[in-house]
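Hi there,

Here is the structure I promised to pass on. My notes on it follow below.

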Amino acid sequence: MRYSDDIIEEVRMKNDIVDVVSQYVKLNRRGNTYFGLCPFHNEKTPSFSVTPSKQMYYCFGCGAGGNVYNFVMEYENYTFGEALQHLADRAGVQLPKIEYSREAREKAEKRATLLEINKLAASYFYYQLRRENGSQAYAYLINRGVSEDTIKKFGLGYSDKYSDDLYKFLKSKNYSDDLLRESGLFNVDERHGMYDKFWNRVIFPIMDVNNRVIGFGGRVMGDGKPKYLNSPETKIFDKSRNLYGLNIARTTRKNYLILCEGYMDVISMHQAGFTNAVASLGTALTSGHASLLKRYTQEVLLLYDSDDAGVRAALRAIPILREAGITSRVVSLKPHKDPDEFIKALGGEEFEKRLERAMDSFMFRIHMAQKEFTMEEPQGQNRFFERCAQMLLELSDELERNLYIEAIVKDYRGYGISVEDLRKRVNTLALKGTPAEQRVQPKTTGAQPKKRDSASEKAQKLMLTWLVTYPGIFDTVVRYIQPSDFVVPLYRQVAEMLYQQHEEGDVNPARLMNAFIDSEEQREVSSLFNATIHLETPEEQNRAFSDAVLRIRDESLKEKNKTLDPADMKGLQELVKAKKDLEDLRRKRQQLHISFE
């Protein structure tokens, strides 16, 4: 069971879309519409629009669009129910208690119980660190310079040497083996039965952005393997969509986040005052991580270990961040290996200076590429600048490309290359085409190539846009076009809903969007209300309107002709009459007079 349409609409109407979107995106007014940089894909020229009269947003670049619910769901990665609760709280609307289906209730209850189990486990580990059996782990943390306050802040703990310690504790709380198995805290085999996954390890509780314990990391005491062990994927823990320390870092006043490798890196930096540090959870950076980061920042400083593995990790992360619309810079800690070692050796002030001197990520890639070539030889130099040209072709923005050409020439001026030389090499490659395997151009999130609309589809989209933008034309349109004339099924469904709203006296596209849950449908429906055509004079408006009416009617008749049963004489007669009426209308198209006001 879902909330009533009246409640959903009440919450939507009490959350003005301009006010809500403005909390996330800087908007500038142009006429009756607001524009800003799209938060869902990387762009330098604003194509993201918010229209107060429609109470809808739409990006002309990537196609993202919808009402205030769709925006919050997309931006915060919320379900519809979570978005509804968030907006209800924002507007001060008390939602009625709702009866869930048995399946939905059981799913929610299981998730809540798993969170409860993890919270109890975190408390148990924290308690064990203070006991005599946890003295080795406690000494390890103190020797690493971790303070009591930091231990408490991050909830650090210890798992005992006994491999059934936690299991016995949680069984005493009457949890079933099935639930404990799903928690990810235990292993099961025929010989040992169920036993603790984490034992004899310093424990790092992993929390989501709402400070709920969703998983654990453990560092072994002694020489056991693996050195670090993480919780497996569970119903509450997806390591590709969570970041260690983000629950604290999200509240930072800095305008960037620092992305590093491990738990101790984050802890060391937070203790030194750099509370905007986060780390991926034992895995390479993913697009899910990047989307999560995008919610809280526009820039990320990459601070991986200074060894070869760290360099490779940074090179993998740069295009993923760029694809999500995040600018990045790379911090060098040499000669020290990681943040913990650097801060202990040189202190927070020097660390701050390294952050300030972080290298632009594109130039970092250039400098790393240079190491592949013998720069003492002309042949090596030529191949290096060929590689530079290939990398520059990844940049679709001409100004950005020109700025990097100048930056490369400046850094490598000792090799006698000029701006003109490098620009010519780039242009030559562009003309002959760079081999596909050498192009690494990031894709733009949400801006996937789409098939071109047919003339018929364009006409149907334009008509739906006009109907919601200029509801006054409805009385004219209904004389010539009915919802059944829209031959694309989704367009017909939307037309039926709009015509129904018109009959009820309230054409409201934002309310109509409440009926669509699937994200692709939401994008498509939003595009139906944002079709554009440049029309300046009343004559151009009338011509465009009459063209659209005639094309929609023509396509509708063609579709009916395809599906007509040859034995249906009455249907055939109606079709012949409809075709004759269309030809008459085509000859008298001046009757199709409209006023877009």
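**Helix pairs, a sheet and confidence**

Helix α15 (residues 361-370) and helix α16 (residues 378-392) have axes that come within 10 Å and cross at roughly 150°. Axes here are lines fitted to C-alpha atoms, for helices over the stretch in contact, and angles run from 0 to 180 degrees between N-to-C directions. Helices (H or I, at least four residues) and strands (E, at least two) are DSSP runs, numbered from the N terminus. α15 and α16 are therefore roughly antiparallel to each other (angles under 35 degrees count as roughly parallel, over 145 as roughly antiparallel, 65 to 115 as roughly perpendicular and the rest as oblique). On the α15 side, Phe 362, Arg 365, Ile 366, Ala 369 and Gln 370 meet Phe 384, Arg 387, Cys 388, Met 391 and Leu 392 of α16; contact means heavy atoms within 4.5 Å.

Before going on, a word on the source: this is a predicted model, in which local features need pLDDT of at least 70 and side-chain atom pairs count only at pLDDT 80 or more, while totals for chains, interfaces and linings use all residues. Residues are numbered from 1 along each chain as its sequence is written, and side-chain values use heavy atoms, with hydrogens and water left out.

Ala 455, Ser 456, Ala 459, Gln 460, Met 463 and Trp 466 of α19 make the contact with Ala 544, Phe 545, Ala 548, Val 549, Arg 551, Ile 552 and Glu 555 of α24.

There is also an open sheet of four strands, ordered β6-β9-β10-β11 with antiparallel pairing; two strands pair if DSSP finds at least two bridges between them. Its edge strands, each pairing on one side only, are β6 (157-159) and β11 (228-230). From one strand to the next, the twist averages 35°. Helix α6 (residues 135-143) packs on this sheet and touches β6, β9 (201-207), β10 and β11, its direction making about 70° with that of β9. Helix α11 (residues 263-271) lies across β9, β10 and β11 and runs at about 75° to β9.

As for pLDDT (the predictor's confidence in each residue, from 0 to 100), the protein chain averages 86, and 93% of the residues score at least 70. Over residues 434-450 pLDDT stays under 50, and the model has 27 contacts beyond four places in sequence for that stretch.

Best wishes
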